[in-house]
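Hello,

Here is the structure I promised to pass on. My notes follow below it.

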Amino acid sequence: MSATGLLNLSRRGFVASLGLASGTVLLGLAPQAAFAESAASSEEAAQFGAMLAIAPDGVVSLIVPSSELGQGTQEALARMVAEELDCDFARMEVRLPWADRAFINPIAQKQMTANSMTVVGYYAAMRRLGATTRAMLLEAAAAQLGVAVDELSTRSGTIVHAASSQSLGFGDVAARAAHLPVPENVALKQPSEFTVIGGKSLRKDLQAKVTGTAQFGIDVHEEGMLTASLALAPHPKARFTVEGIEAARAMPGVVAVVPVTGGMAVLADRFWRAKSAAEKLELTVTSSPIEGLDDASLSARLDAAFDEVAPKPFPKLDISTFPPKIIMADLEALDAAFSGAERVIEAAYEVPHLAHATLEPLVCAARLDSEGLLIRGPLQDPETSRILGAKLSGLPLEQVRVEVTYVGGGFGRKWGTDFVGVAVEAARGAPGRLVKTIWTREQDMAGDQFRPAYKARSRAAIDAAGKVTALHSRVAGQSIMAYHGRKGMHGMEDMGDLTAAGQLIYEAYNPEKLIEYHELDLTVPVGFWRSVSMSQNAFFAESFIDEIARETGRDPLELRLELLDGHPRITPVLKRAAEMIGYGQPREPGIGRGIAFSYAQSNFCAIGFEVGLDDTLLSLRRIACACDCGLMIDPASVEGQVTGGIVFGLQAALWGEVKFENGEPTARNFTDYRMPMMMEVPPIEVALMPGSDEPGNVGEASTPVVAPALANAIVDAGGPRIRALPIARTLTI
């Protein structure tokens with residue numbers, strides 16, 4: 001484990017171990033590489049690898065390989081390239097990607113946008129792409145000017161020979177440079193030399209989004225396109241009979257009615273006609289994996305799992321090496337700590353299923369014709385979408401093209417490919433025509449792949465001096481990995497699912513620790529949700545630490561700092577958040593302040609929360625957040641993601657809950673799934689504290705820490721200990 005970061009993968013070492021340290025290899029800069037499509041809109045542009053092109057007028061075009069979900073990947077990755085290329089960043093153009101192995105994330109070894117892995121994964125490779133291209137431009141300019149390469153310098157898209165006062169634009173030499181041998185090794189700048197990385201400017205995607213020209217999945221359109229509306233069963237594997245097909249087919253504009261996974265699709269010339277016809281269909285469910293499921297049975301099965309399902313241990317992972325080193329808990333030391341404890345403190349917690357509730361409901365377009373299959377939509381996993389398209393169409397992979405649009409909110413939902421498969425199945429009903437499948441808000445929410453519900457039971461061993469000597473936590477719930485048929489990490493096949501048990505107890509805390517997972521299959525469709533295991537485990541872990549402190553007469557912040565043993569990056573953010581919220585300052589009766597922290601790989605985030613409580617009426621007064629995500633490529637985007645993550649976590653803490661009744665989720669729209677209004681969000685202050693020269697992942701750590709900080713503040717205000725989310729079950733907001 002790194003001395004400075006828990007689960008803080010040494011990216012350079014990891015990438016090198018995979019043979020991907022060279023941008024030449026990753027980005028297809030080899031001379032023999034051929035590209036199906038230029039990175040630039042101009043045919044005269046010179047191509048440097050699969051992603052970069054330079055036009056004769058010097059404009060640099062970059063295909064950003066990851067999906068843009070609002071998190072600012074276009075801006076961040078463009079800055080990485082521009083920093084080393086030394087081009088005119090203001091004139092640099094970015095484009096959305098398509099599915100292509102040339103675009104894989106070096107760490108994920110896959111083209112996908114998830115797990116906050118974009119900046120971390122592409123950081124070294126994109127910089128190397130810029131530096132390698134710059135070296136080739138300099139080589140070409142030296143030949144053209146008849147001077148030595150080391151006499152040249154670059155400045156904002158211009159190559160300068162100071163001794164002769166000659167200069168050339170990048171576009172003047174790009175065509176010659178593109179045919180030169182690709183250098184194997186190029187020097188990269190030191191972080192202290194950065195001028196583009198860390199700078200501020202208008203985002204590359206801003207104008208298109210503000211003017212409405214950005215194409216989201218819902219915007220996909222072409223002449224002759226059909227729209228598919230769905231009639232869906234309550235589960236994708238449900239069996240059903242259908243009535244009303246002929247009546248639907250007879251409706252105006254309807255072209256076809258076809259079966260799709262989990263239901264039927266009605267294809268028509270317009271959405272409203274398709275939807276009206278789909279409402280003629282009556283699906284009678286004959287069997288469903290979640291038949292009869294309701295909240296009471298869910299709760300009972302989770303409770304029973306602690307006794308009936310053998311636990312799987314979850315180890316500590318040292319990922320400073322590759323493959324990660326697996327370190328099992330010291331059971332002998334743990335037993336000794338509990339056997340010799342002066343006191344054992346226990347508590348139980350629970351969280352419900354959560355929906356993703358993206359602003360843009362599920363949508364995807366597909367066309368099957370003589371040339372192959374086209375898929376176009378807001379996708380977080382274009383590579384798997386392409387493989388799925390090939391499987392469903394029976395076409396070879398090279399005849400399947402997947403194009404990524406802007407994504408109107410993902411949070412993990414559009415990492416799933418179920419809606420892509422439905423779109424391809426619908427397209428079968430009208431060969432040769434593009435078919436855009438639109439899920440209604442109600443179908444999107446009821447057909448979600450939910451964040452699973454979990455229950456946790458924790459205990460702590462306290463010695464005679466009041467010191468915490470051991471922590472043992474167990475969690476019960478459904479496995480995301482199992483639902484998606486994914487195997488565990490190599491060497492961890494018989495251990496707890498990382499997506500369920502990870503960080504149930506923070507590795508940062510220094511007592512003996514044991515995490516165990518009771519896996520059960522509730523058959524509910526589940527998937528990855530923003531911050532994944534931390535989304536529930538931060539609440540379990542940081543609530544329990546707070547309880548231990550109050551039970552033993554300790555200050556919660558003081559106990560955390562003691563258990564962290566001076567962790568070099570968590571301790572500073574905790575102290576800063578405490579200072580910002582006025583943690584130790586006097587407070588009026590009914591006012592409470594709570595604190596908690598969480599971390600996602602190399603993003604460390606602490607939140608101080610101030611609340612007011614009048615009997616059972618809760619008011620949210622202030623949120624203070626300190627965040628250390630290392631080097632920031634685009635500080636404005638970092639602050640935006642941290643703030644957005646807090647609001648996302650606030651919704652989950654206060655109101656987030658998907659209930660089940662008679663074998664169906666009851667949430668259908670925002671009337672059933674309460675979102676915070678702007679006026680309900682308290683003032684949020686964010687302090688960014690870069691503690692490393694390498695960037696960390698930003699999008700996740702601020703979401704899970706909201707619930708425990710809020711719950712701890714409620715106790716401090718004299719309120720009840722919240723052990724079951726959402727808080728609206730207990731208090732009025």
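**Surface, salt bridges and cavities**

Leu-202 counts as exposed because its relative accessibility is 68% (exposed is over 50% relative accessible area, buried under 20%, partly exposed in between, with a 1.4 Å probe and protein chains only). This is a predicted model: local features need pLDDT of at least 70, side-chain atom pairs count only at pLDDT 80 or more, and totals for chains, interfaces and linings use all residues. Residues are numbered from 1 along each chain as its sequence is written, and side-chain values use heavy atoms, with hydrogens and water left out.

Leu-202 sits in the loop between α5 (170-177) and α6 (206-211). Helices are DSSP runs of H or I with at least four residues, strands runs of E with at least two, numbered from the N terminus. With Leu-206 and Val-210, Leu-202 forms a nonpolar patch on the surface. Together they have about 320 Å² of accessible area (Shrake-Rupley, 1.4 Å probe, only the protein chains shown counting as cover). Patch residues have over 30% relative accessible area and no salt bridge; nonpolar side chains (Val, Leu, Ile, Met, Phe, Trp, Tyr) are joined within 5 Å, like charges within 9 Å.

Next, the salt bridges. The whole structure has 42 (a side-chain nitrogen of Lys or Arg within 4 Å of a carboxyl oxygen of Asp or Glu). One pairs Asp-381 with Lys-110, closest N and O atoms 3.0 Å apart. Asp-381 is in the loop between β18 (372-377) and α11 (382-393), Lys-110 in the loop between β4 (93-95) and α4 (118-145), so the pair ties together parts 271 residues apart in sequence. Both residues are buried.

Glu-246 and Arg-249 also meet in a salt bridge, at 2.8 Å, N to O. They are 3 residues apart in helix α7 (residues 245-249), so about one helical turn separates them. Glu-246 is exposed at 54%; Arg-249 is partly exposed at 42%.

Finally, the cavities. There are 3 of 30 Å³ or more. A cavity is a set of points on a 1 Å grid over the protein atoms alone where a 1.4 Å probe fits but cannot get out; lining residues have an atom within 4 Å of a point. Points join across faces, edges and corners, and volume is the space filled by probe spheres set on them.

The largest cavity has a volume of about 90 Å³. Of its 14 lining residues, Ser-535, Ala-652, Ala-653, Ala-707 and Leu-725 are the closest to its centre. Helix α19 (residues 635-654) gives the largest share of the lining, 3 residues.

Best wishes

Key: 1 Å grid on protein atoms, 1.4 Å probe; cavity = no way out; pocket = protein on both sides within 12 Å on 5 of 7 lines; lining within 4 Å.
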